[in-house]
Amino acid sequence: MKRGIFLEPEEETVLTREIPLDLSRDSLSERIYSHLRLELLSGLYAPGSRLSIRRLASAMNTSPTPVREAIFQLVREGALELRPGHQPRVPSLNIPVYINIRETRVPLERLAGELAAVNITPEEIASLREYHAKFQQGEAEEQWRDALIANQNFHFLIYNASKNPVLVRVIENLWLLAGPFVNSQYPHIRQADVEAHPHLLIIDALERRSPAETGDLLVRDLREGSYRILRHLETEEKAAATSAAGSRSAK
């Protein structure tokens, strides 16, 4: 049976074997922070999902303290929200905030693409093709989370090829804020099969060392995905309104 994209809180899986027990508390907290950040970035949790500090600590075979420190760091970054008396949870973005994040990403990802076209290596381009193949395989097999991770790896290989770690970190922060919202729309926003997938067009521009074209194509990929999200949400809202109207008339 195929699984959905997201894990419910009781299904949290943490790679505890990758967190050595002899690390100092600060180091362990940093490792837990990095791991949770990656899980949020890759779409493990849906908007509104709650994270249990106690359950995470038990899964990681550690005390709640370093987990709590990692959670608080993610709260400070806006990746999680925490209200008094409640468990930390993944924020549920509204559309205006999502659009603001998208528009902030546009010039940054354009710049990263332009720099990558100058600096990327043939080996990295070969890796892009592998990530795209994994992305297509994930979609074909309806393994949505595998497809999302491959897509994330594809884009961040390009951003990292910019050789500007400050730029990459800012882009990563924006992906972190919007990731659960975007991923919750998948696979409803899958792109229809086309002869030239945007990923392939981006790879072609990188191979030809065309900074302007690479930047333009990354922005085009971002905007087209965003438009599909907004159209899907509009369709859902209309369907919900129609259903509500029907229920009222039946009374």
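Let's start with H6 and H8: in this predicted model, the axes of these two helices come within 12 Å and cross at roughly 20°. With angles under 35 degrees counting as roughly parallel, H6 and H8 are therefore roughly parallel to each other. Their crossing is left-handed.

Which residues in H6 meet H8? From H6 we have Asn151, Phe154, His155 and Ile158, and across from them in H8 sit His199, Ile202, Ile203 and Leu206. Sorted by class, this contact has five nonpolar and three polar residues, with no charged ones.

Now stay with H6, residues 144-160, and turn to its contact with H5, residues 122-140. Here the helices pack at an angle of about 160°, and their axes are 7 Å apart. Anything over 145 degrees counts as roughly antiparallel, so that is the description for H5 and H6. The crossing of H5 and H6 is left-handed too.

On the H5 side, Leu128, Tyr131, His132 and Phe135 are among the residues involved. On the H6 side, they include Trp144, Ala147, Phe154 and Leu157. By class, this contact between H5 and H6 has nine nonpolar, five polar and three charged residues. If you have the structure open, look at Asn151, Phe154 and Ile158: these H6 residues are in the contact with H5 and also in the contact with H8.

Next, two loop residues. Most residues other than glycine have a negative phi. Glu142, in the loop between H5 and H6, has a positive phi of about 60°. Is Glu142 buried or partly exposed? Its relative accessible area is 38%, so Glu142 is partly exposed.

The other one is Asn61, again not a glycine, with a positive phi of about 55°. You'll find Asn61 in the loop between helix H2 (53-59) and helix H3 (64-77). Asn61 counts as exposed because its relative accessibility is 56%, and the cut-off for that is over 50%.

Finally, a word on confidence. The protein averages a pLDDT of 83, and 80% of the residues score at least 70. Confidence is highest in H8, residues 198-207, at a mean of 97, and lowest in helix H9, residues 211-250, at 79. Over residues 1-24, though, pLDDT stays under 50. For that stretch the model has 53 contacts beyond four places in sequence. Where pLDDT is low, the predicted coordinates should not be read in detail. Thanks, everyone!

Terms used:
Residues are numbered from 1 along each chain as its sequence is written. This is a predicted model: local features need pLDDT of at least 70, side-chain atom pairs count only at pLDDT 80 or more; totals for chains, interfaces and linings use all residues. Side-chain values use heavy atoms; hydrogens and water are left out. Axes are lines fitted to C-alpha atoms, for helices over the stretch in contact, and angles run from 0 to 180 degrees between N-to-C directions. Helices (H or I, at least four residues) and strands (E, at least two) are DSSP runs, numbered from the N terminus. Angles under 35 degrees count as roughly parallel, over 145 as roughly antiparallel, 65 to 115 as roughly perpendicular and the rest as oblique. A crossing is left-handed if the near helix is turned anticlockwise from the far one by less than a right angle, and right-handed if clockwise. Contact means heavy atoms within 4.5 Å. Ala, Val, Leu, Ile, Met, Phe, Trp, Tyr, Cys and Pro count as nonpolar, Asp, Glu, Lys and Arg as charged, and the others, Gly among them, as polar. Buried means under 20% relative accessible area, exposed over 50%, partly exposed in between (1.4 Å probe, protein chains only). pLDDT is the predictor's confidence in each residue, from 0 to 100.
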